[in-house]
There are 2 protein chains.
Amino acid sequence: MFRSHTCGELRMSHVGSVVTLAGWIQTIRKFGAITFVDLRDRYGITQLVFNESLSGQLDNNPLGREFVLQVNGKVIERSNKNASIPTGDIEIEIQSFSILNKSVTPPFTIQDDTDGGDDLRMKFRYLDLRRNPVKKNLELRYAVNRSARNYLHEHQFMDIETPFLIKSTPEGARDFVVPSRMNAGQFYALPQSPQTFKQLLMVSGYDRYYQVVKCFRDEDLRADRQPEFTQIDCEMSFVEQEDILDMFEGLIKRIFKDVKGVEYTDQVERMTWEDAMWQYGNDKPDIRFGMQIHTLKKPASVYYNKTDQSALINDAGFAVFDGAESVLAITVPSGAAYTRKQLDELTEWVKRPQIGMKGLAYIRHNEDGTVKSSIDKFYSEERLKKIAETTKANKGDIILILAGAEERTRKAMSELRLELGEQLGLRKKDEFKLLWVLDFPLFEYSEDDNRWVARHHPFTSPKPSQISTMIENDPAIKDAANYLSHPYAQIKANAYDMVLNGNEIGGGSIRIYQRELQEKMFEALGMSKEEALHKFGFLLGAFEYGAPPHGGIAFGFDRLCAILGGSESIRDFIAFPKNNSGRDVMLDAPSSIDDVQLNELNLKINLS
Amino acid sequence: MFRSHTCGELRMSHVGSVVTLAGWIQTIRKFGAITFVDLRDRYGITQLVFNESLSGQLDNNPLGREFVLQVNGKVIERSNKNASIPTGDIEIEIQSFSILNKSVTPPFTIQDDTDGGDDLRMKFRYLDLRRNPVKKNLELRYAVNRSARNYLHEHQFMDIETPFLIKSTPEGARDFVVPSRMNAGQFYALPQSPQTFKQLLMVSGYDRYYQVVKCFRDEDLRADRQPEFTQIDCEMSFVEQEDILDMFEGLIKRIFKDVKGVEYTDQVERMTWEDAMWQYGNDKPDIRFGMQIHTLKKPASVYYNKTDQSALINDAGFAVFDGAESVLAITVPSGAAYTRKQLDELTEWVKRPQIGMKGLAYIRHNEDGTVKSSIDKFYSEERLKKIAETTKANKGDIILILAGAEERTRKAMSELRLELGEQLGLRKKDEFKLLWVLDFPLFEYSEDDNRWVARHHPFTSPKPSQISTMIENDPAIKDAANYLSHPYAQIKANAYDMVLNGNEIGGGSIRIYQRELQEKMFEALGMSKEEALHKFGFLLGAFEYGAPPHGGIAFGFDRLCAILGGSESIRDFIAFPKNNSGRDVMLDAPSSIDDVQLNELNLKINLS
């Protein structure tokens, strides 16, 4: 070893010992003939003192930032102690030193708050990774990994590796493919998830499976998506939904405890997908704060179990509300104090193209009990007060109202709610609120193809009580305009998402395990029998040999780490991430390959 | 849950409890109106008793092998106990049952000794995985994984994930490549190992890194190679070779203890590469048994520090020995008893094309002290006795002798030694012998290109004392015939392999960490400066910012598991392996992809 101790290890109890340290030079400070150096390694920082006797040697071998240094010296007590670091009570009186490697001047200094900007960070990622905030992120990631593995191990889960070179069965996202040299003209695909393999492992009787595993999706990258990402992937046999919720609440609580020291003792809240959409306009609501949406008006075909409050706003001669599919309201606590300027800013905010609303109505519920509204030309004070009562606005609050097409308006209101929550400081980084969202629709309607698509994936089972609805009905949609009246539109899935602070961190389902039902599902998704057999014959086959009831979940590991680290960006929690064009700018990848390689793969580039 | 207990859990202490079990039907036995069923899950087998009262229900719902069954019943003591299974003291008196899923008749029965042959096993891998021997293999694999992670965690190693979509820099094996849709005409490569990334992590100061990680090589598959395979990949900073050997001896010993219950307390033996080749003809010798090779004659240019015994055989007028580059001998204990037929068989064995020798000479050292040889026409009894003395043949032994070109003959003798060890029962499956092989040559000579190639990889450092030899000499080989006299031929690497029972289970090296030396290495391998910068500019760049001394190792996880499991085949230790054509016959992958996908990737198939 080039060292006897690390740079984070020495304490008062070591005073008098002669030690050898190795690490990087963080800073150099000269006081006359004495030189102080902070030496850094993964474990900490230790102060070195080069006395006058070494100044000649230092002149001949000048030190610099980020040089790799090995030193030998005696641990002594510091006169000027530094309480902010664990080694702050001591320093090393250097007897001899050796420069193990030099460094040219880095493009940015290796400090917490200087990173040189995104492009430089990524190009010199190996220097960025030296910075403390990035190191802390990767340490947190490892701690989450370790904690998850320990919990799953203790609960009889087995890590079983599934293959990376598999079969291309695009459904939803695009596959990355890998040309096979040995099988000319054929391709493997990289897995979007180990879904079918973990189900086969259940058929094989492995009972409880997990993997922390890379997955791949060739999507157009939105901000904060990566073409390769990591899942904590799990599957269990002989379980019902309740068992899965229990087991994986336990997992997340364990991670909170091990990694954040947070005892999350509350029962995790649960909400149906319909309630989440109804109350929050969003299937991954941030429940750290309230401010639910109130539906003043909605079309009859959606949320048909729910009642709107259209009586409150109808027949007032207000064309905007009368002409809108939906009218939604939200109450902002203490919002009556908003100035004209603030309200104008909020109006501009909802009119941005990303939100796409035409305007914002408001009703102030003043401290004195009066109401004042942008729509009081159409609504009497009495009616406005009724609206205030319905939307639970107290004195001093303001009610904000959006109107328009149902889907867009609900989404806009959800965005507005989150923006207001942010502005009001209700989305606290150090508060963690978990939520299960349940009972998702099994299908979504695809306008492009006039058919059903799987909301989760094609292996998700319907609620047991709705299996017969699925089996007994023809999935074909004869009347596209009224697709909502097709029996399939009402089928709910045995699926669940875990939401943390408004982010989906995991999702899963109880799976189909009967061949007949799985075939019906493929049919519903517009697959011919031949296509289903070609793509998923192995799974349909497996279901004929005694498939057990089973279900599972996958957690987005990168995002989970980011949220636990108090960040919105997953890139900061990945050692070597790609940019938004899917490029690794440090490696300069992807890149061209030579003709010999292409010929061996029986491929030609076709840029026309 | 569909069960209150598993099928491996119930004991005498549960007698009287009412339990629910779920699992697969292993066997059904009828005794009159009573039916016995063995119910199987991952955890064990439990006997179920269906009494006469249920016979009507059973007639209406006939059971079959591999059906998935849920039962409710009372734990009772068995009259006829089965000591061979942990649940053998009890059985379940069934009160009600439910068939959760049926099974058609499997193509082979799910038993230890019936697997239906290789093709069926692979096609129906999900059934093969139910068989106990395969399950035990995957359990062992998980135990090794867990043990390795625990050890490395306790020694401050951090699991840091490295990317899978990287840059193609073929050197040695071929890369699998992945066309990029977003970067038209460009390709990612799948990593052959995370080598450069783990070195960058050392430059970044992570100090100790590990990963259990998939790697990919597009090679023509020899038997028992897989295009995707798993490594336990490790790297450490501020270490010398000795530190690595210590740390990873510890890892393997821990795995032995955790997984096999074996306390491997011996110090792991060490041998230089030269001694391994000299004594065993092999750089991964099986040292469970002796029978070293004796070099009676060798060319002067190889093993030039070693002395042959050519005086013993020269000047006898025996054209075969006189005309051979090398003459090698091995002593077989108690081999003097070999019959004529046995010797003929051994002669045929070495003449097979895979071995390629022209014949086999022998010298019997009889029990009575006389010698009898196939070459006594040329050698006096006195000379033969001298040979016997030199080759350490005792009375009752036989000396076998091969002659021919050095490389082929040494390899043939190594094979013969292993074959004899097998025949003599000296290669015991339950005996584990570790060995470090050290001091490999840094370079090998490539006749095709008349240049040096890296024996390990281009990042391996020479012995510190030989760095100057490397820097100061021109790597170009001017006299191809005498390449062995080039100074580079004598440079030894700071590299090491760990060998277990004659298999290389891991290998690594101390790395180059100086830009100048790394550039010289690329030059030695025939890379132009431009090519080196294009391929490895990021690494050369990183070495300019304070790269620490570092080194590491990677273990072949699949093979390690196979050897610990007493098997020669890695396929049996991989859940979903590929066949020798790189195909997954269960999935039928690789397969063709459609034109839309190809167009999106800007590719054309070119089968001409």
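How many salt bridges are there between chain B and chain A? In this predicted model, the count between the two chains is ten. One salt bridge pairs Arg3(A) with Asp207(B), whose closest N and O atoms are 2.8 Å apart. The contact itself involves 126 residues of chain B and 126 residues of chain A. Together the two chains bury an area of about 11600 Å², and carbon and sulfur atoms give 58% of that area. On the chain B side, three residues stand out: Glu161(B), Phe238(B) and Tyr545(B) supply 8% of the area that chain B buries against chain A, more than any other three residues.

A search of the whole structure finds 13 cavities of 30 Å³ or more. The largest cavity holds about 280 Å³ of space, and 20 residues form its lining. Nearest to the centre of the largest cavity lie Val212(A) and Val213(A), along with Val212(B), Val213(B) and Lys214(B). Both chains take part in this lining, with two or more residues coming from each of α4 (132-154) and β9 (208-216) in chain A, and from each of α4 (132-154) and β9 (208-216) in chain B. By class, the lining of the largest cavity has eight charged, six polar and six nonpolar residues.

The second largest cavity contains about 160 Å³ of space. Its lining consists of 19 residues, and those closest to the centre are Arg141(A), Lys214(A), Ile574(A) and Ala575(A) from chain A and Glu161(B) from chain B. Glu161(B) is also one of the three residues named above for the area that chain B buries against chain A. Within chain A, at least two lining residues come from each of α4, β10 (228-237) and α15 (557-564). The greatest share belongs to α4(A), which gives four residues to the lining of the second largest cavity.

Side chains of opposite charge can pair when their charged atoms come close. Over all chains, the structure holds 100 salt bridges. In one of them, Lys214(A) meets Glu228(A) with an N to O distance of 3.0 Å. Because Glu228(A) belongs to strand β10 of chain A and Lys214(A) to strand β9 of chain A, this pair ties together parts that are 14 residues apart in sequence. Glu228(A) and Lys214(A) are both buried.

A second pair in chain A has another setting. The side chains of Arg225(A) and Glu219(A) form a salt bridge at 2.9 Å, N to O. Arg225(A) has 31% relative accessibility and so counts as partly exposed. Glu219(A), at 27% relative accessibility, likewise counts as partly exposed.

Asp128(B) and Arg125(B) form a salt bridge, with their closest N and O atoms 2.8 Å apart. Both residues lie in helix α3 (residues 125-128) of chain B, three residues apart, which is about one turn of the helix. Asp128(B) and Arg125(B) are both buried. In chain A, Arg125(A) and Asp128(A) are part of a network of salt bridges, which also links Asp118(A), Arg121(A), Arg131(A), Arg571(A) and Asp572(A).

Notes. Residues numbered from 1 in each chain as written. Chains lettered and ligands numbered in written order. Predicted model: local features only at pLDDT ≥ 70, side-chain atom pairs only at ≥ 80, totals over all residues. Heavy atoms only, no water. 1 Å grid on protein atoms, 1.4 Å probe; cavity = no way out; pocket = protein on both sides within 12 Å on 5 of 7 lines; lining within 4 Å. Points joined across faces, edges and corners; volume = space filled by probe spheres on them. Nonpolar A, V, L, I, M, F, W, Y, C, P; charged D, E, K, R; others polar. Salt bridge = Lys/Arg side-chain N within 4 Å of Asp/Glu carboxyl O. Buried < 20%, exposed > 50% of the residue type's maximum accessible area, 1.4 Å probe, protein only. Contact = heavy atoms within 4.5 Å. Buried area = accessible area lost by both parts, 1.4 Å probe.
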